[in-house]
Structure formats: C-alpha cells, structure tokens
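Morning, everyone. I have one structure to show today. Let me put it up.

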Amino acid sequence: MNKLAVKTKELMRRFNIHPNKRLGQNFLIEQKVLDSIIAAGDVGQDDLVIEIGPGLGTLTEELCRKAGKVIAIELDRRFIGILDDVLSEYNNYKVVQGDILSLNLKELLGEINYQGDVKVIANLPYYITTPVIMKLLEEGTGIKSIVVMVQKEVAERITAGPGGKEYGALTIAVAFYGLPGIVLDVPPHSFIPEPEVYSSVIRIEVQKEPPIYVKDRENFFKIVRASFSQRRKTILNALSNSGLFGWDKPDLKQKLNSIGIVETKRPETLSISDYARIVNELI
Ligand code: SAH
C-alpha cells in the first residue's frame, strides 16, 4: 500500500471516520494525482487558493505549502477539527464550514481582500460538480482558474467540440466563460473508498470576456438550453417547438437561413457563434 493510503487509513481510524457516501467522500491517495492537480493549478506563493471539499486535508496540506493563502470550504463538520490537527504546522489557511452551493463567495473574498490571484481547486462529490462549476463561472468573482475532479464523462462533455454526442449546453456554458482542458484521467483505485466511475481532472482558465459577443446573456442560455433539450430534432424544429419568442416555423426558417444557418442542422452541430448570431439577430 502506498504512503498516502496508509496515512489516510490511519487518519480514518484515529478520528473514527466512516466516509459518507451521500457527501461523495472519496479520499485521494495517489501522490501523482495530487502533484498533477497542484501543477495544473499553477499554485504559487502569490496565490489565494480556495479549496472546496478538503476532507482529511491531503490536498490542503500540499496547498498550504505552495500557496500564499488557502481557504478550505468543507460541509462535513467532522472534518473541521481534523483539518486543524492535520494542518497544525501551517498558519496560512482558514477552514470555512459550509455548503459551497449556498456560500456567498463574493462576500467571503471581499472580507479577505486578497491582492494576488484567486484560484480554485476541488475534489468534490460528482453530483454537485456541474452546479459548482457554473456557480464559480457565473458569479463573476474574478477567479483566475478552476481545477476540479469530475466524472470522466462530464470532462468529455465539457471539452467536446461541435458534432458529437458529448457536445451540449454544458459545453457551451463553460466555453462562454473559460478555456477548458483535461489534465489527466484518474482511475477508481486512486481513491479510498473507490468510486464507481472513472474520473478526470479538468482545468478551466477563466476568461475576462466571452469568446463571442452576445447581446443578451439570459436569452442566449435560454436558446442554447431549448435547442439541446430537443437535440435529436433539427434546429428549426427544436426552436419553433420551444415556444420561445413567438417564432413560427416558416418565418424562423427564413431567419435562420438569413444568418447562414441551414435549418435542417441538428443543435449539436451548431457552434457557439451560431448560437450567438441567433440571439443577436433573430430576437
Ligand atoms: N479533497 C479531499 C476530499 C474529497 S471527498 C481529497 O481529495 O481527499 C469530497 C469532500 O467534499 C468531502 O470532504 C465532503 O464532505 C465535501 N463536500 C461534499 N459536499 C460539499 C459541499 N456542498 N460543500 C463543501 N464541501 C462538500
């Protein structure tokens, strides 16, 4: 058994921790994966790192060594005292107990008023990775990059290009705010307990501006969601069935053609700029 696995088991025994499946508690035990996460986060002494879901603090400890400051946000109260114990050598961290999804990050960052870059690192339960990623991207908190462990299949959806079955509303939503890439794939045996699925670490470099001009963000996402919710239909049928903007079929066909979109194309073959043209020019 490797050193980290031994250490993790020891901590679990010492603090009598039985992982809570509901909270997605799968602890990382592979040094190589930790190293890749830190390298992908490009963590340095000038950075504030927000770690979501520190658990037993394996990744947190490495982060304390590399970053200027670490804010670790953990929902499970059992880990709060353990983290203080594991991190007793360090004084550049703060543990915040709470649910990342209901936490006001803007306020938290405002209170800390950190001058360097803010980067997020997270190994979280898979059922909340998508809402967490969207929250981080949408809240406009000035975060520079996000490195997060997700289910492999979600990593493929996030990084997909037009034309395939992975490409969808999530791909477009992430591409609107940042540049995503897969860092590495992580097999189940890199965790205790082992999850049922393969994982991937992804990195999103958050951009100051979207890659395309969009007149109205809310309507842009409405159109994207409506299109992909009927992804087997043609773009003409998906949009005219959606009931949005009172579009009727013959008129919409003409309008789509006028902006260079063939009406029989499937939603999954349209690029992010095709969707931008629909919102900018057809409503
Ligand atoms: N990062 C650690 C632990 C991963 S397990 C490691 O790699 O070993 C996932 C962690 O996320 C657990 O500690 C779990 O309690 C925490 N968590 C689950 N839901 C959360 C939420 N909504 N907000 C913050 N933390 C959460």
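The C-alpha centres of domain 1 and domain 2 lie 35 Å apart. The contact takes twelve residues from domain 1 and 14 residues from domain 2, with contact meaning heavy atoms within 4.5 Å. The domain assignment puts domain 1 at 3–206 and domain 2 at 217–282; such bounds come from an automatic or database assignment.

Some ground rules. This is a predicted model, where local features need pLDDT of at least 70 and side-chain atom pairs count only at pLDDT 80 or more, while totals for chains, interfaces and linings use all residues. Residues are numbered from 1 along each chain as its sequence is written, and side-chain values use heavy atoms, leaving out hydrogens and water.

Now the interface. Domain 1 and domain 2 bury about 990 Å² between them, that is, accessible area (1.4 Å probe) lost on being put together, summed over both. Carbon and sulfur atoms carry 71% of it. On the domain 1 side, Tyr167, Ile172 and Phe176 lose the most area to domain 2, together 50% of what that side buries.

Next, the inside. The largest nonpolar core has 62 residues. A core here is a set of buried Ala, Val, Leu, Ile, Met, Phe, Trp, Tyr and Cys residues joined through side-chain atoms within 4.5 Å, buried being under 20% relative accessible area (1.4 Å probe, protein chains only). Ile133 is one of those with the most contacts inside that core. Among the residues Ile133 touches are Val148, Ile158 and Ile204.

Conventions
Buried area = accessible area lost by both parts, 1.4 Å probe. Buried < 20%, exposed > 50% of the residue type's maximum accessible area, 1.4 Å probe, protein only. Lists of a residue's contacts leave out its neighbours within four places in sequence.
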